[in-house]
Amino acid sequence: MFATDRLRLRAYKESTDKALLIELCNTAAVQATFFSGDFSPRSEKNLAEGTITSLTTGPFHAIIERLDSELSSDLLEPTEKDRFVGVVSIRGIHPRNRCGDFTLALTPSAWGKGYAFEVSTFVVRHAFMHMGLNRLQLGVFDDNPRAKKLYEKVGFVSEGHMEDNRWVNGGWVGETFMAYLAKNWFVQNSNVTAW
């Protein structure tokens, strides 16, 4: 288990987390920013065989939850759902090239609180310092400028753009491809030491 200032990153527990991930993936606002396919209710079977498996297996994946200090004092007995913020993963790591796909999905109630930046900077540091990755990459849809701004703030840079590759709400949306190289991270963080 890892912790940032306000969040805990822990292993996936099917008994409690599967339902939370199904709910997350069936939230319209999350589907609009996270999935490239059709927007529709997704079945438990479909999600379990595809999305949940890809988000909860592989070299790095974590459920993100609030620390008790971030929870409302009105909650006498906080539940897993009260703590749940989202999921983060690094998938598709190529062993020789040491390149991984960065994925982050947060519940809309966690948007705008700085959690995405906190988690992303932590995971990027972990990827370069402890996993030995050379490159992290991601795609961000043009109709999600907040995410693009977040990734730029973390240190990702645009490497390319695919025009009109996604049909959303009656119109075409493009996608920007971004990456963060370890050599750039180490230059920008020369004062950082291992944990």
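I count a contact as heavy atoms within 4.5 Å. With that, I looked at the protein chain: among contacts between residues at least 6 apart in sequence, 63% join residues at least 24 apart.

**Ground rules.** I am reading a predicted model, where local features need pLDDT of at least 70, side-chain atom pairs count only at pLDDT 80 or more, and totals for chains, interfaces and linings use all residues. Residues are numbered from 1 along each chain as its sequence is written, and side-chain values use heavy atoms, with hydrogens and water left out.

**Overview.** I looked up the secondary structure of the protein chain and found eight helices and eight strands. These are DSSP runs, numbered from the N terminus: helices are H or I with at least four residues, strands are E with at least two. The protein chain has 195 residues, and 42% of them count as buried. For accessibility I use relative accessible area: buried is under 20%, exposed is over 50%, and partly exposed is in between (1.4 Å probe, protein chains only).

**Helix pair.** Two packed helices are described by the angle between their axes and the distance between the axes. I took α6 (residues 115-129) and α7 (residues 145-154). They pack at an angle of about 40°, and their axes are 10 Å apart. The axes are lines fitted to C-alpha atoms, for helices over the stretch in contact, and angles run from 0 to 180 degrees between N-to-C directions. α6 and α7 are therefore oblique to each other. Oblique is what remains once angles under 35 degrees (roughly parallel), over 145 (roughly antiparallel) and 65 to 115 (roughly perpendicular) are set aside.

Which residues meet here? From α6 I noted Ala116, Phe117, Ser120, Thr121 and Val124; from α7, Leu150, Tyr151, Lys153 and Val154. The residues of this contact of α6 with α7 divide into six nonpolar, two polar and one charged. In this sorting, Ala, Val, Leu, Ile, Met, Phe, Trp, Tyr, Cys and Pro are nonpolar, Asp, Glu, Lys and Arg are charged, and the others, Gly among them, are polar.

**Two threonines.** I found Thr176 in strand β8 (residues 171-181). Is Thr176 buried or exposed? Thr176 counts as buried, because its relative accessibility is 6%. Its side chain makes a polar contact with the side chain of Asp142 (3.4 Å). A polar contact is a pair of N or O atoms within 3.5 Å; within protein, one must be able to donate a hydrogen and the other to accept it, and residues adjacent in sequence count only if both atoms are side-chain atoms. Leaving aside neighbours within four places in sequence, Thr176 touches several residues, including Leu138, Lys148, Ser158 and His161.

Thr103 is in strand β5. Thr103 is buried too, at 7%. The side chain of Thr103 makes a polar contact with the side chain of Arg91 (3.2 Å).

**Positive phi.** Most residues other than glycine have a negative phi. I noted Arg98, not a glycine, with a positive phi of about 50°. Arg98 sits in the loop between β4 (84-94) and β5 (99-106), and is partly exposed at 41%. Asp164 also has a positive phi, near 45°. Asp164 lies in strand β7 (residues 157-168) and is partly exposed at 40%.

**Last entry.** His61 lies in strand β3 (residues 60-66). At 25% relative accessibility, I put His61 down as partly exposed. How far apart are the C-alpha atoms of His61 and Val87? They are separated by 7.4 Å, with the two residues 26 apart along the chain.
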